[in-house]
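Open the model in your viewer and keep the sequence panel beside it. We will go from the whole chain to single residues, one selection at a time.

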Amino acid sequence: CIAFVMGVVEGARHQTREQLKAQPYAFLVHGEPVCLPVKWGSQTLTDRVVNILENEPQVHQYSAVSGVLYALAGDSTCYPT
């Protein structure tokens, strides 16, 4: 799971590297920036994704890659809510 989640994050990040380079875990989802806490490592990122997948069955309709991005987008720190 860790390798898959990190592959998705790195793939998404690669597409927006120049735009969001100040954030180590940053990417765009539907054109909106997603920024994740710098202190999170691969285990925390994976734990967050697994938690969402286990507790929010509506996510199951998405592809595996989209499910990971959706799960992490909910934890974005780009804009305070």
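**Before you click.** This is a predicted model, in which local features need pLDDT of at least 70 and side-chain atom pairs count only at pLDDT 80 or more, while totals for chains, interfaces and linings use all residues. Residues are numbered from 1 along each chain as its sequence is written, and side-chain values use heavy atoms, with hydrogens and water left out.

**Stop 1: the whole chain.** Show the protein chain as a cartoon and you will find three helices and two strands. Helices (H or I, at least four residues) and strands (E, at least two) are DSSP runs, numbered from the N terminus. Followed from the N terminus, the elements run α-β-β-α-α. Of the 81 residues, 36% count as buried, where buried means under 20% relative accessible area, exposed over 50%, and partly exposed in between (1.4 Å probe, protein chains only).

**Stop 2: H1 against H3.** Select residues 2–15 for helix H1 and 64–73 for helix H3; the two pack at an angle of about 80°, with their axes 10 Å apart. Axes are lines fitted to C-alpha atoms, for helices over the stretch in contact, and angles run from 0 to 180 degrees between N-to-C directions. H1 is therefore roughly perpendicular to H3; angles of 65 to 115 degrees count as roughly perpendicular, under 35 as roughly parallel, over 145 as roughly antiparallel and the rest as oblique. Show side chains for Phe4, Val5, Val8, Val9 and Ala12 of H1, which meet Ala64, Val65, Val68, Leu69 and Leu72 of H3. Contact means heavy atoms within 4.5 Å. By class, this contact has ten nonpolar, no polar and no charged residues. Ala, Val, Leu, Ile, Met, Phe, Trp, Tyr, Cys and Pro count as nonpolar, Asp, Glu, Lys and Arg as charged, and the others, Gly among them, as polar.

**Stop 3: H2 against H3.** On the H2 side pick Leu45, Arg48, Val49 and Ile52, which meet Val68, Ala71 and Leu72 in H3. That contact divides into six nonpolar, no polar and one charged residue.

Which residues of H3 are buried? They are Gly67, Val68, Leu69, Ala71 and Leu72. These buried residues pack against H1, strand S1 (26–29), strand S2 (32–35) and H2.

**Stop 4: the tyrosines.** Select tyrosine 62 and tyrosine 70, whose rings form a tilted aromatic pair, 5.4 Å centre to centre with 35° between the planes. Rings of Phe, Tyr and Trp (its six-membered ring) pair if their centres lie within 6.5 Å; planes under 30 degrees apart count as stacked, over 60 as edge-to-face and the rest as tilted. Tyrosine 62 is partly exposed at 37% relative accessible area, and tyrosine 70 is partly exposed at 34%.

**Stop 5: two histidines.** Histidine 14 lies in helix H1 and counts as exposed at 53% relative accessibility. Finish at histidine 30, in the loop between S1 and S2. Histidine 30 has a positive phi of about 55° although it is not a glycine, and its relative accessible area of 81% makes it exposed.
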